[in-house]
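Thanks for coming, everyone. Please look at the screen, and I'll walk you through a few spots.

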Amino acid sequence: LASSLRRRMSCSYRRRRGAHEEGSTIGRKTSVIARLSAAAATCLLLSINVGTQIDALSIQTPTAQVQTKTSNIHDVETTARKRTGRQSYLHKQSHGGLPDIATSQEIRDLGISLSLRRPGSNSFFKGWINWRTRAIDAIQHDLSKNLPHPADRSSFENLFFRLGVASDTGEMPSFSDAGARSGYAIEFFCRARNLADLYIDTLNPAYTFPEYWVESMKGTEILGRGGEGEQLNVVSLAGGPGFDHVSAALVATFCSYEPSGGATAPKQAALNVTVFDYEDGWGDLVQAMNDSTQRVLENDGIVCSWGGRCDITKSIFDEANSACQPLLHSAQVWSCQYCVAENAQRLRESDWIFFTELASHAAPGSMFILSEVHPRLWPDVLSAVERNCSSMQVGFNRSGRQMLIRKGTDPSQDEVTISNKDRELVRRFRELDGYHTRKIESGWTRQAPKRWDD
């Protein structure tokens, strides 16, 4: 009986307490609503007052208002910049914040010590990340001291902004400013790193690549597996200032180290990288990139050269691409990084004729690497390949930022093969393209930053 009474008293107490708290909460909410209503009324009166003053001012000086609006549009078109940030090389260089740069001997000794690790193991990839980070820093630093034209941070940041706009609209920006090109060459070494990681990931069992891709890549000089005296020809399309060359050189050098205790130099991989681009001004920077890479890696067997002009929006047999044609049957690897989106409009108008003709006429076993910031254009590329090519294996790396295509060696294979997993990725990429198209059609445009931290 006593226990029953205690339970009843406890329940009655909780009900009274809950009712009290609910009343307090309602009272607090009412008080807050009242204060917010008063604040809203005050803001409304202020906005009416300010609006009236602005209207009066605009009526008095309509010409000045129109001139200001026109000036702002002009500023956005010509002087808008995307901040490189405090982590950029140019910012660190001007503020004395550069990291310690390893010497060529230190990079070589580190590579030899890491050669004892089993390829494909976790320790191997950790060692690779450490080594390629130090090597890239050294090449970047060496290039900064040997640029054919001084880097102009303001011009580069303007180009950086216009590259984003080009990616949105599909219309290529101008690379005619030499100072902007030098800034591009110094700041975008992440592009060399990403492609180098793709090559080395071929040894990683955690990643799934297109059929026969792993076997083909493992047999190349890039991974140090080529035959004695063999030379691998790599073509970099729209590849100024030569980041694709740095990628191949990094991986080939790292994989060539042997546990010799530092007594002998690594065996020399034989790679010949040819860079083509629409902008002729990249030629001197390609040579500077080759010189810096060879000085740091001490690997003279990996050579990069400027091949001339090319236009990926035209047929590969067009006169504009005459410099590319001699390499159609001799190049084993073709890379095209970060130039698809900025040429999307003309590429779609041409039905991707450059890439489909390239894939159709390249040597059997050739590999093609397309890289972009976003994967929304890959469904169009795949559709064009399926319509116009045969004997192709297609897939994607990691999140889809890299599209991988390999030309088969079996003449009887007359279709394009792609895994179910990659087919599902294509469906998702098409949805992303639809979202982007609707966003652009609704009037969205990229805005320049409003604040600067120089």
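First, a term. Helices (H or I, at least four residues) and strands (E, at least two) are DSSP runs, numbered from the N terminus. This is a predicted model: local features need pLDDT of at least 70, side-chain atom pairs count only at pLDDT 80 or more, and totals for chains, interfaces and linings use all residues. Residues are numbered from 1 along each chain as its sequence is written, and side-chain values use heavy atoms, with hydrogens and water left out.

Let's start with Ser-174. Where does it sit? In the loop between α6 (153-169) and α7 (178-187). Ser-174 is partly exposed, because its relative accessibility is 40% and that class lies between buried, under 20% relative accessible area, and exposed, over 50% (1.4 Å probe, protein chains only). Its side chain makes a polar contact of 2.9 Å with the side chain of Ser-176. A polar contact is a pair of N or O atoms within 3.5 Å; within protein, one must be able to donate a hydrogen and the other to accept it, and residues adjacent in sequence count only if both atoms are side-chain atoms. Neighbours within four places aside, Ser-174 is in contact (heavy atoms within 4.5 Å) with Leu-159 and Arg-162. Arg-162 is 12 residues away along the chain, and the two C-alpha atoms are 8.7 Å apart.

Next, Asp-311. This residue is in the loop between β3 (302-309) and β4 (333-337). Buried or exposed? Asp-311 is buried, at 7% relative accessible area. Its side chain has a polar contact of 2.6 Å with that of Thr-313. Leaving out residues up to four places away in sequence, Asp-311 touches Tyr-278, Ala-320, Asn-321, Arg-346 and Phe-354.

Now a helix pair. The axes of α5 (residues 122-144) and α8 (residues 190-201) come within 12 Å and cross at roughly 150 degrees. Axes here are lines fitted to C-alpha atoms, for helices over the stretch in contact, and angles run from 0 to 180 degrees between N-to-C directions. So α5 and α8 are roughly antiparallel, a label for angles over 145 degrees. Which residues meet? From α5, Phe-124, Phe-125, Trp-128, Arg-132 and Ile-136; from α8, Arg-193, Ala-196, Asp-197 and Ile-200.

Last, the whole chain. It has 15 helices and eight strands. Of its 454 residues, 46% count as buried. Among contacts with a separation of 6 or more, 80% come from residues 24 or more positions apart.

Technical notes. Parallel < 35°, antiparallel > 145°, perpendicular 65-115°, else oblique.
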